[in-house]
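Hello,

Here is the structure I promised to pass on to you.

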Amino acid sequence: DVEIPGGIFACAGGDRIYEGIKIAWESSGHTPVLVLIANHEGDVINNGIAVDMARDDGIDVESVLLYDDIASAPKGEEEKRRGMAGMTFSFKVAGALAEEGKSRDEIIKKVKEVNASTRTLAVALRPCTIPTTGQLLFTLAEDELIIGPGVHGEPGPEGPMKMTTANKIMDIVAENVIADGEFKRGDDVLVLINGSGSTTLMEMFILYDRLKDILKDRGIHPHRPLIGNIITTQEMAGFSLSICTADDETKRLWDAPADTPYFKVCSR
């Protein structure tokens with residue numbers, strides 16, 4: 001796996017992404033390369049440039065677009081949705097399959113399946129600042145929150161609402177995610193409660209406690225839930241909920257060992 005970071009709130013340039021593709025190609029002995037792209041305008045443009053550059057140099061590379069934010073486009077127009085924390089499921093599954101030596105076509109097929117069954121909805125309680133300017137990314141009153149912002153504070157479909165309890169917020173978020181994903185009784189699902197940056201583990205566990213009851217009442221079974229600050233936005237306060245349908249293969253790949261600086265899964 002190769003990660004090419006960009007600046008804060010910015011995608012890496014096409015030339016840097018190309019260098020990452022080239023590293024993956026050469027270090028793997030010219031194994032076909034797969035690029036997973038978050039559906040944000042800058043990411044799509046710069047990754048497209050990089051993929052074209054790599055192909056011009058004879059590198060065998062393909063890409064998959066990831067999207068999961070139900071607030072950014074209506075049901076039926078999923079491919080217009082932004083990539084959010086639910087991309088974590090696709091990243092993990094792709095990495096596990098690559099570790100097993102599966103072909104790129106097999107990985108693409110599974111990633112598309114996982115992505116298509118992933119739904120995410122976020123909540124912002126407090127904005128973050130842009131480090132280079134010190135300016136707030138957006139503004140909220142002390143007694144307000146927003147449901148449906150993007151990773152970088154992009155506006156949701158509705159304006160701010162009055163602050164309420166964690167349980168009531170989770171009721172709203174879970175209902176929308178479950179309805180959009182058509183998750184039903186008997187489903188096994190992957191679950192991620194992702195903190196936006198300054199959200200504490202205690203707060204996230206309070207949210208999960210409510211979600212656990214909601215899923216139990218609906219007969220939906222969470223498999224090895226992930227709770228933590230995984231995809232963050234500086235010091236923003238808030239969270240997102242991601243749910244993905246999980247068949248036996250998806251559960252096996254989600255459980256597969258992983259050892260990265262921030263994301264680890266121990267063997268069972």
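**Helices 5 and 6**

Helix 5 passes helix 6 in a right-handed crossing (a crossing is right-handed if the near helix is turned clockwise from the far one by less than a right angle, and left-handed if anticlockwise). Before I go on, a word on the basis of these notes: this is a predicted model, in which local features need pLDDT of at least 70 and side-chain atom pairs count only at pLDDT 80 or more, while totals for chains, interfaces and linings use all residues. Residues are numbered from 1 along each chain as its sequence is written, and side-chain values use heavy atoms, with hydrogens and water left out.

Helices (H or I, at least four residues) and strands (E, at least two) are DSSP runs, numbered from the N terminus. Axes here are lines fitted to C-alpha atoms, for helices over the stretch in contact, and angles run from 0 to 180 degrees between N-to-C directions.

On the helix 5 side, the contact (heavy atoms within 4.5 Å) includes Met-170, Ala-174 and Ile-178, and on the helix 6 side it includes Leu-207, Leu-211 and Ile-214. By class, this contact of helix 5 with helix 6 has nine nonpolar, one polar and four charged residues. Ala, Val, Leu, Ile, Met, Phe, Trp, Tyr, Cys and Pro count as nonpolar, Asp, Glu, Lys and Arg as charged, and the others, Gly among them, as polar.

**Helix 4 and its neighbours**

Helix 3 (residues 87-99) packs against helix 4 (residues 104-116) at an angle of about 160°, with the axes 9 Å apart. The two are therefore roughly antiparallel, and their crossing is right-handed. Among the residues that meet are Phe-89, Val-93 and Leu-97 from helix 3, and Ile-107, Val-111 and Val-114 from helix 4. Eight nonpolar, two polar and two charged residues make up the contact of helix 3 with helix 4.

Helix 4 also meets helix 7: their axes come within 12 Å and cross at roughly 100°, so these two helices are roughly perpendicular. Lys-110, Glu-113 and Val-114 of helix 4 touch Glu-249, Thr-250 and Leu-253 of helix 7. That contact divides into two nonpolar, one polar and three charged residues.

**Salt bridges**

Side chains of opposite charge can pair when their charged atoms come close. How many salt bridges does a search of the whole structure find? There are 22, each being a side-chain nitrogen of Lys or Arg within 4 Å of a carboxyl oxygen of Asp or Glu.

Here are a few to look at:

- Arg-82 and Asp-69 pair at 2.7 Å, N to O. Both residues are buried (under 20% relative accessible area; exposed is over 50% and partly exposed in between, with a 1.4 Å probe and protein chains only).
- Glu-100 pairs with Arg-252, with the closest N and O atoms 2.4 Å apart. Glu-100 lies in the loop between helix 3 and helix 4 and Arg-252 in helix 7, so the pair ties together parts that are 152 residues apart in sequence.
- Lys-80 and Glu-77 pair at 3.3 Å between the closest N and O atoms. Lys-80 is exposed at 59%, whereas Glu-77 is partly exposed at 34%.
- Glu-78, Arg-81, Arg-119 and Asp-180 are linked in a network of salt bridges.

Conventions
Parallel < 35°, antiparallel > 145°, perpendicular 65-115°, else oblique.
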